[in-house]
Amino acid sequence: MGQGIAVDCIHAQRAAAALKLPANKTDRNDAFGLVRLVHSGWHERVAIKSFDRYRMRAVLTAWERIVRMCTTMINQIRGLAKTFGLQLSAGKGQVFEQSVRRAFPDDVVLSDLFESLLWVLSGLTDQRRAFDRQLARFAREDEACRIVSSAPVSAVLRRSPS
């Protein structure tokens with residue numbers, strides 16, 4: 001409520017679909033289209049998320065990107081090793097790093113290249129762990145997360161009758 005005027009937030013995708021109908025798209029026509037949308041009742045009110053929710057979503061998005069970057073870096077290292085005929089054993093984390101270091105060729109340029117890629121991977125992994133800690137903190141502070149976390153695994157995995 002601002003200046004005595006009630007304000008509703010409507011679903012942007014539905015509004016965009018309704019506003020695509022007029023052939024002459026202008027700000028004025030968009031405004032009229034939104035008024036018609038509200039008067040017709042063909043709109044869906046959406047709740048505005050709190051600042052904390054937006055902040056949490058930003059951390060989740062950054063965490064997801066870091067995880068993807070880690071996976072991409074591991075795949076790059078594996079692909080490069082394969083190109084030069086190096087055998088890497090299966091494994092993650094330190095097992096993977098040790099496997100790469102054991103497979104280092106005698107070629108100084110390639111050894112430096114693999115070491116640089118492992119250094120980047122290590123930095124990404126450190127950042128992912130920092131995000132893991134932040135997300136764990138969010139989960140401890142969020143009531144909904146605490147409720148879900150306290151449920152027995154058997155209750156979570158049990159399917160509801162259809």
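Select serine 111 first: apart from its neighbours within four places in sequence, this residue is in contact (heavy atoms within 4.5 Å) with Phe104 and Pro105. The model is predicted, so local features need pLDDT of at least 70 and side-chain atom pairs count only at pLDDT 80 or more, whereas totals for chains, interfaces and linings use all residues. Residues are numbered from 1 along each chain as its sequence is written, and side-chain values use heavy atoms, with hydrogens and water left out.

Serine 111 belongs to helix α5, which spans residues 108-141. Helices here are DSSP runs of H or I with at least four residues, numbered from the N terminus. Serine 111 counts as buried because its relative accessibility is 15%; buried means under 20% relative accessible area, exposed over 50%, and partly exposed in between, with a 1.4 Å probe and protein chains only.

Next, select phenylalanine 104 and phenylalanine 114. The structure holds one aromatic pair. The ring centres of phenylalanine 104 and phenylalanine 114 are 6.3 Å apart and the planes are at 35°, so the pair is tilted. Rings of Phe, Tyr and Trp (its six-membered ring) pair if their centres lie within 6.5 Å; planes under 30 degrees apart count as stacked, over 60 as edge-to-face and the rest as tilted. Phenylalanine 104 sits in the loop between α4 (93-102) and α5, and phenylalanine 114 in helix α5, so the pair ties together parts ten residues apart in sequence. Phenylalanine 104 is partly exposed, at 22% relative accessible area, while phenylalanine 114 is buried, at 1%.

Now display helix α3 (residues 51-83) beside α5. These two helices pack at an angle of about 155°, with their axes 9 Å apart. Axes are lines fitted to C-alpha atoms, for helices over the stretch in contact, and angles run from 0 to 180 degrees between N-to-C directions. The angle makes α3 roughly antiparallel to α5; under 35 degrees counts as roughly parallel, over 145 as roughly antiparallel, 65 to 115 as roughly perpendicular and the rest as oblique. By class, the contact of α3 with α5 has 24 nonpolar, three polar and three charged residues. Nonpolar covers Ala, Val, Leu, Ile, Met, Phe, Trp, Tyr, Cys and Pro; charged covers Asp, Glu, Lys and Arg; the others, Gly among them, are polar.

Finally, move to helix α6 (residues 143-150), whose axis comes within 5 Å of that of α5 and crosses at roughly 90°. The two helices are therefore roughly perpendicular. Select Ala139, Arg140 and Glu141 of α5 with Glu143, Cys145 and Arg146 of α6, which make the contact. The residues of this contact divide into two nonpolar, no polar and four charged.
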